[in-house]
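Reader: I am new to this structure and would like to learn how to read its strands and its charged contacts. Could you take me through them step by step?

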Amino acid sequence: PGPGQGTMSAREQQPPAQPPPAAPAEAAELEGANRYEAVVPHWFYRKVTDSRERWVPFSTQDSERLEEAHGSGKDTEDVVVPTSGGRYDVHLRQRQRVAVYWEEEAAEVRRCTWFYKGDKDNKYIPYSESFSEELEEAYMIAVTLDEWKKKLESPSREIIILHNPKLMVHYHPAASSDDWGSTPTEQGRPRTVKRGVENIATEIPNGEPLQIDHLVFVVHGIGPACDIRFRSIVQCVNDFRNVSLSMLQAHFKKAQEQQQIGRVEFLPVNWHSSLHSTGVDVDLERITLPSINRLRHFINDTILDVFFYNSSTYCQTIVDTVASEMNRLYQLFLQRNPHFSGGVSIAGHSLGSLILFDLLTNQKAAPEENEHGEGSRTTSSNRGIEEVKEILKKLELSEYCDVFEKEKMDRQALFLCTEKNLKEMGIPLGPRMKLLHYISSKREMQHRAQPVSPSQHDPDSTDEGRNCQYRDVALGQVSANYPQLDYKPTIFFAFGSPIGMFLTVRGVKRINPNYSLPTCKGFFNIFHPVGVRARAFLPNTWSTSPGSLSPSSTQYDPVAYRIEPMIVPDLEFEPMLLPHHKGRKRMHLELKEGLTRMSVDLKNNLLGSLRVAWQSFTRAPLLAVEAASTDTEAEPEAGAEKEPDTKPDEPPVAAKEETPLINVGRLNGGNRIDYVLQEKPIESFNEYLFALQGHLCYWESEDTVLLVLKEIYQTQGITLDQPLPGGQ
């Protein structure tokens with residue numbers, strides 16, 4: 001019986017040990033289910049915004065770098081891993097993420113493998129690293145032994161049950177432990193538990209290019225908040241940088257594939273906190289009335305920044321803070337990026353643009369120029385001396401050329417000379433009178449000419465013109481000692497800028513077309529239209545010139561003002577219309593222009609027909625010859641009637657020829673300065689409702705960012721993949 005029973009027992013156990021041949025797929029699935037694979041961790045950091053906490057994943061590139069440092073056993077050392085393009089450092093042992101260039105509270109960093117769904121916003125929250133290890137160990141045992149329904153208790157006395165690989169839930173305890181020693185149960189709404197970052201719905205960026213081609217410092221305007229959501233300059237510049245990365249991928253793809261470009265780094269410059277840490281807020285608090293408390297505090301914190309800047313005491317604090325902060329950031333950036341060889345540009349929003357403009361107008365070219373600069377300056381000096389020799393030759397005073405050359409007298413210096421100066425140089429009375437008469441006549445000629453562009457200036461009368469009709473752009477600036485920057489900016493971008501208004505208030509009515517910023521050769525004034533009313537069926541309201549908008553139809557950013565009319569006051573022309581980043585104009589703008597053209601054509605045809613009909617009724621019958629001549633005369637008269645009405649239709653042809661020829665001086669190297677953004681469809685309904693938003697919209701504007709990138713990379717000889725229509 002023993003062996004028989006043993007044989008019988010073996011036969012009874014044999015069928016269930018081997019799966020039936022009809023179900024091989026089930027066997028493979030069972031075998032795969034019992035195979036354990038380690039979870040792939042991903043690194044997250046905790047971000048707190050308005051007392052709301054959320055966990056943000058590092059980019060794939062940063063997470064791999066952190067995991068590599070963690071895997072090499074560097075957790076025990078004080079290892080620092082740069083992340084987020086070098087703007088944040090992660091201290092691995094402390095598990096902290098620290099800002100490099102600005103002050104910000106350190107954020108907790110976590111190596112994450114297990115997540116549960118939160119209560120409020122359904123975002124997944126990572127478990128602590130220690131408890132994740134417990135969950136992973138329990139999961140490994142359950143998979144290996146195929147034993148599920150595992151129940152674990154978290155450090156906060158919450159229950160996690162592993163039902164199967166696809167279903168794992170997290171229960172909040174129904175009630176906390178009381179004096180009777182009750183234990184947590186599985187009651188309460190269950191929350192989903194996920195293993196591995198690939199199983200949760202979160203977007204993980206790939207990372208930023210390591211190569212930095214250009215550095216841009218961004219200075220904010222009034223108040224601590226920079227946009228309609230009351231976010232700080234750091235958050236707004238983060239948005240601007242993110243948009244720039246997407247614009248690079250969309251419009252510079254060829255250059256990226258050929259590894260010609262990397263990215264542009266944008267760093268925020270904060271001066272508001274330094275100004276309001278001087279104790280002025282305490283002084284204001286004492287004198288602030290208690291009524292309408294919130295409004296008064298809002299004014300103290302924002303609007304008063306304009307008055308502070310016009311005070312010599314606080315203006316000095318502001319310009320010192322902005323200049324020293326930009327210099328500090330520049331030196332720190334070079335320390336962290338020793339191989340950086342790109343240029344530096346600056347951008348200012350609102351009052352920040354005025355601060356930068358005043359700083360730039362007071363910069364001095366360094367005495368130690370590079371070889372190119374030395375050669376350029378020497379050539380310019382020699383050319384000026386030769387021009388003086390030509391003037392002396394014209395006045396038959398060539399024998400005094402050596403005297404003027406010895407004194408290094410160029411044409412500009414000659415026109416600044418007085419009779420006393422010429423006498424000290426040893427010039428006799430007769431030649432002195434000739435020179436003074438020549439200088440005086442040229443000044444009078446310059447004053448009568450009133451030129452509208454440098455090309456129309458008499459070559460001998462451009463520089464002295466400032467004395468008679470142009471005022472120094474530094475006129476009316478607050479008395480302050482403007483610091484010098486450690487670098488020469490390539491381009492200055494002004495967003496929603498009141499520079500034009502402040503210059504006018506200071507007494508500067510016209511800017512010399514020959515004026516340029518001492519150390520910065522590029523200047524772009526970018527502003528936003530906050531409302532274009534639907535005037536499709538009203539004539540003479542839309543300018544259909546390509547690349548321009550009519551001021552009669554567009555109300556701009558309420559804080560922004562133009563610059564070009566101060567340089568070319570006698571010529572009416574529109575700001576350049578920034579092309580949409582996807583090409584063409586926005587659909588509603590094209591629709592409006594199309595309807596405008598159609599209505600103008602309809603009106604002109606109708607008026608012409610009525611004119612001819614009226615003439616046929618009012619005129620007496622004539623001979624056939626006279627009738628023929630009358631018909632011939634009627635046509636030009638109808639055409640003459642049409643002429644003023646068709647005026648809106650004529651500018652496109654003329655504008656195509658004239659717009660590129662507009663010379664707006666040297667402030668932007670001879671290129672256009674004023675650029676207006678295209679409004680969005682919803683903004684055309686109410687210009688007042690969107691006025692404030694129009695002043696704060698630049699941070700997420702793809703069109704603005706694309707212009708900045710286009711102009712920066714043009715200095716390096718790199719252009720867009722496809723030129724945008726309407727672009728310069």
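**Reading a strand and its contacts**

Author: Let us begin with one pair of residues in this predicted model: alanine 494 stands opposite asparagine 525, which belongs to strand E17. Strands E16 and E17 pair in the parallel sense over five bridges, and the chain passes from E16 through helix H19 (residues 499-505) to E17 in a right-handed β-α-β crossover.

Reader: Which strand is joined to E16 by four bridges?

Author: That is strand E15 (residues 343-349), which also runs parallel to E16, and here histidine 349 has phenylalanine 495 of E16 as its bridge partner.

Reader: How should I read the two faces of E16, and are they buried or exposed?

Author: In a regular strand, side chains alternate between the two faces of the sheet. In E16, Ile491, Phe493 and Phe495 lie on one side, Phe492 and Ala494 lie on the other, and all of them are buried.

Reader: How many salt bridges are found in the whole structure?

Author: A search finds 26 salt bridges. One of them joins the side chains of arginine 231 and glutamate 700, at 3.3 Å from N to O, and this pair links distant parts of the chain, 469 residues apart. Arginine 231 is buried at 15% relative accessibility, whereas glutamate 700 is partly exposed at 40%.

Reader: Where do glutamate 325 and arginine 328 lie?

Author: Both lie in helix H11 (residues 312-336), three residues apart, which is about one turn of the helix, and their side chains meet in a salt bridge of 2.7 Å, N to O.

Conventions:
Residues are numbered from 1 along each chain as its sequence is written. This is a predicted model: local features need pLDDT of at least 70, side-chain atom pairs count only at pLDDT 80 or more; totals for chains, interfaces and linings use all residues. Side-chain values use heavy atoms; hydrogens and water are left out. Buried means under 20% relative accessible area, exposed over 50%, partly exposed in between (1.4 Å probe, protein chains only). Two strands pair if DSSP finds at least two bridges between them. A crossover is right-handed if, with the strands pointing away from the viewer, the path from the first strand over the helix to the second runs clockwise. A salt bridge is a side-chain nitrogen of Lys or Arg within 4 Å of a carboxyl oxygen of Asp or Glu.
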